[in-house]
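Here is a short report on the model below. Keep the sequence and the coordinates at hand while reading.

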Amino acid sequence: MNIGDRIKMIAKYYGVRPSAFEKQCGFSNGYIKGVKWSIGDDKLKKILEHYPNINKVWLLTGEGEMLLSFEVVEENRADLQHRIDLLTTENQFLKEKIEHLETYRDRMEIDYQKTVAKLQGKLHKLENKSPSPKARGEHQASKPARPK
């Protein structure tokens, strides 16, 4: 029995026509008929995504049982739930970090605006305190004295 035969067995077990199986897994029409001794990793992954309780070793080699035992399926489910829990916790942490950074950014923007306003005020005062160019006598260039 080759891999193509085992894929047909999976389809038959689930009551799915080979063409429907191919469509579910994103394979081209007639793909299963052409499979004999090997399939690509991408095809294997697609099959196991749609039929997670299929024994990968059985599908590839014919050794063992077609279906994973209930314990293995439950272990996979528990492992997935653990990963989901970890990702949920990490997601919450990152949301809180983003909120913290947004608050910090807002405070920095306010501080920046206050600093700019202060500096503009100081600049305005300095401009008003210093004598105008006319008052400093800079409005006309002094003419050189004529030799007599």
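**Overall make-up**

The model is predicted. The protein chain holds six helices and zero strands. Read from the N terminus, the order of elements is α-α-α-α-α-α. Of the 148 residues in the chain, 17% are buried. The accessible surface comes to about 12300 Å². Carbon and sulfur atoms hold 56% of that surface. Take the contacts with a separation of 6 or more: 50% of them join residues 24 or more positions apart.

**Two buried loop residues**

V16 sits in the loop between α1 (3-13) and α2 (18-25). Its relative accessible area is 17%, so V16 is buried, the limit being under 20%. Residues up to four places away in sequence aside, V16 touches A11, F21, Q24 and Y51.

N55 is also a loop residue, placed between α4 (41-50) and α5 (56-61). Is N55 buried or exposed? N55 is buried, because its relative accessible area is 15% and the limit is under 20%. Which residues does N55 contact, leaving aside neighbours within four places in sequence? The partners are E63, E65, M66, L67 and L68.

**The salt bridge**

How many salt bridges does a search of the whole structure find? The search finds one. The bridge pairs D106 with R105. Their closest N and O atoms are 3.2 Å apart. D106 has 39% relative accessibility and counts as partly exposed. R105 counts as exposed, at 51%.

**The positive patch**

K114, K118, K122, K125 and K129 form a positive surface patch. One of these lysines, K129, lies in helix α6, which spans residues 70-129. K129 has a relative accessible area of 70%. Exposed means over 50%, so K129 is exposed.

**Accessibility at a glance**

The table collects the relative accessible areas given above.

| Residue | Relative accessible area | Class |
|---|---|---|
| N55 | 15% | buried |
| V16 | 17% | buried |
| D106 | 39% | partly exposed |
| R105 | 51% | exposed |
| K129 | 70% | exposed |

K129, part of the positive patch, is exposed.

Methods:
Residues are numbered from 1 along each chain as its sequence is written. This is a predicted model: local features need pLDDT of at least 70, side-chain atom pairs count only at pLDDT 80 or more; totals for chains, interfaces and linings use all residues. Side-chain values use heavy atoms; hydrogens and water are left out. Patches are made of residues with over 30% relative accessible area and no salt bridge: like charges are joined within 9 Å, nonpolar side chains (Val, Leu, Ile, Met, Phe, Trp, Tyr) within 5 Å. Accessible areas come from the Shrake-Rupley method with a 1.4 Å probe; for residues, only the protein chains shown count as cover. A salt bridge is a side-chain nitrogen of Lys or Arg within 4 Å of a carboxyl oxygen of Asp or Glu. Lys and Arg count as positive and Asp and Glu as negative; His and the chain ends are not counted. The place of a charge is taken as NZ of Lys, CZ of Arg, CG of Asp or CD of Glu. Helices (H or I, at least four residues) and strands (E, at least two) are DSSP runs, numbered from the N terminus. Buried means under 20% relative accessible area, exposed over 50%, partly exposed in between (1.4 Å probe, protein chains only). Contact means heavy atoms within 4.5 Å.
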